Amino acid sequence: MKEKMKEEKKELTPEEEEAQNQKEAAVRRRKLAELQSSGRDPFQITTCQRDATSQEIHDRFEELENKDVCIAGRIMSWRDMGKASFMDLYDRTGRIQVYMKIDQVGEDCYREMKNCWDVGDIISVKGYVFKTRRGEVSVHAREIRLLSKSLLPLPEKFHGLKDTDLRYRQRYLDLIVNPEVKETFVRRSKAIKAIRELLDGMGYIEVETPVLNTIPGGATARPFVTHHNTLNIDMYLRIATELHLKRLIVGGMEKVYEIGRIFRNEGMDVKHNPEFTTIEMYEAYTDYFGMMDRTESIVRAAAQAACGTEQITYQGSALDFGKPFRRITMNQAILDVTGVDFLAFQGDTAKALEAAKKLGLEPKPTDTWGNIMALAFDQKVEETLVQPTFVYDYPVEVSPLTKRKPDLPCMVERFELFVARCELANAYSELNDPIDQRERFVRQMELRAKGDEEANMIDEDFLTALEYGMPPTGGMGMGIDRLVMLLTDSPSIRDVLLFPTMKPVGQGESEKS
């Protein structure tokens, strides 16, 4: 029996593989030219009356047995047995076997198939559903048609596409030859849909805010800068949606959210990509504890939708989203891990520096008591947080948009959610005092003047909005990509982005992740 794809194939060097691919590509172009010269150009075909998918045929076999169907997809393997052939056809739902005989599809059509078709081509098949002697659900072809010619060979079947750099650069190829990759993005879609349905059911309104801004605000991050030719001004790709969403709270919308792209001109690693997706949500007349409840519901709903369960495993760690999430203050978390009680010397930078030295930390020259406390948490505590944990009450120095705690003004009403040693969400009782907000913006500008490119700028229009009055408000931002990483057990953010940012080919080593 002649195999269109060999079961055994020796390992080739990259040079040998490239030469072989070029040779096969030339053969495929000759096949296309033969088809076109005979008036059978597949690229002239505009539609296909497909009425079934592979998954539907498998799921509904008893109903569809011996019934006619029309399917379409990509040839992924081909077993040529002379006057009959078996093909594995893949569509968006999975695989179905196709059986075709020369006397069923016609000699001319069968000859074209053998002489001009290849693995990777996209075809349509009309025929009836049956089971082979081995019990495999299949389609017995009566009519076959070439819909699109693949001019480049796919990666060899049994070695697949393993080079992660190539997989990220050519995601289309990754999706073709690694079917499990598609499942990651199906789960992503299900998770986002579940989040929308949950919030919509709670009375939230989904909105869209500007991507181009005259001031980068709402987060501590370095922005991308572009230029608007008509206005002749520099503009910034948004680093957060926060300030525009809070303007809508001022306007009386009360419950708003946005799922959208954020852009930060910063480092790239397994948890960071220059453009990424977040959800930010704001609700009037609640606080950060209200946002804890909302956040817990969102994570739970996303897990159920994407995984079918609230108990998952991420990189070997069993995670339980079904239980109430742990809640602990930042100071208590630091105390439990390091034995240092930062609140015992609140506001005293000298004592904080002394504690930092004992912990082996290296604060920046501009860091004060609160910055050092946050540094201690980041470097000593975060790596210990595996199960879902809300860490709340943060120093005011690291939270310029957050409401102070009435009984402890050096701290603010803020939490972050940590899962599997990684920050997943950030939330506040939003600062609605325009006077306090201006003072904090001024301090941020002072840091910016000292060289901190991530410090906030003063947003005068936002301050004006606050002066009209914003009700007590809770707000939360969550990284959708990091959530999907958890739900798909993906070690790198690039695994959950269809088209991650990559260094252009030929410009040295690409970033390793």
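**Reading the model**

Reply: Let us begin with the overall content: the protein has 16 helices and 20 strands. The model is predicted. Its C-alpha atoms fill a box of roughly 90 × 50 × 50 Å along the principal axes, and buried residues account for 49% of the 513 residues.

Me: How is the packing of two helices described, and what are the values for helix 11 and helix 13?

Reply: Two packed helices are described by the angle between their axes and by the distance between those axes. Here, helix 11 (residues 330-338) and helix 13 (residues 369-381) pack at about 50 degrees, with axes 10 Å apart. Helix 11 is therefore oblique to helix 13. The crossing of the two helices is left-handed.

Me: Which residues of helix 11 and helix 13 make the contact?

Reply: Helix 11 contributes Met330, Asn331, Ala333, Ile334, Val337 and Thr338, while helix 13 contributes Met373, Ala374, Ala376, Phe377, Lys380 and Val381. By class, the residues of this contact are nine nonpolar, two polar and one charged.

Me: How do strands of a sheet pair, and in what order do the three strands of the open sheet lie?

Reply: Strands of a sheet pair through backbone hydrogen bonds, in either a parallel or an antiparallel manner. In this open sheet the order is 8-10-9, with antiparallel pairing. Strand 8 (212-213) and strand 9 (225-228) are the edge strands, each pairing on one side only.

Me: How many bridges join strand 9 to strand 10?

Reply: Four bridges join strand 9 to the antiparallel strand 10 (residues 233-237). His227 stands opposite Asp234 in strand 10.

Note on methods. Residues are numbered from 1 along each chain as its sequence is written. This is a predicted model: local features need pLDDT of at least 70, side-chain atom pairs count only at pLDDT 80 or more; totals for chains, interfaces and linings use all residues. Side-chain values use heavy atoms; hydrogens and water are left out. Axes are lines fitted to C-alpha atoms, for helices over the stretch in contact, and angles run from 0 to 180 degrees between N-to-C directions. Angles under 35 degrees count as roughly parallel, over 145 as roughly antiparallel, 65 to 115 as roughly perpendicular and the rest as oblique. A crossing is left-handed if the near helix is turned anticlockwise from the far one by less than a right angle, and right-handed if clockwise. Contact means heavy atoms within 4.5 Å. Ala, Val, Leu, Ile, Met, Phe, Trp, Tyr, Cys and Pro count as nonpolar, Asp, Glu, Lys and Arg as charged, and the others, Gly among them, as polar. Two strands pair if DSSP finds at least two bridges between them. Buried means under 20% relative accessible area, exposed over 50%, partly exposed in between (1.4 Å probe, protein chains only).
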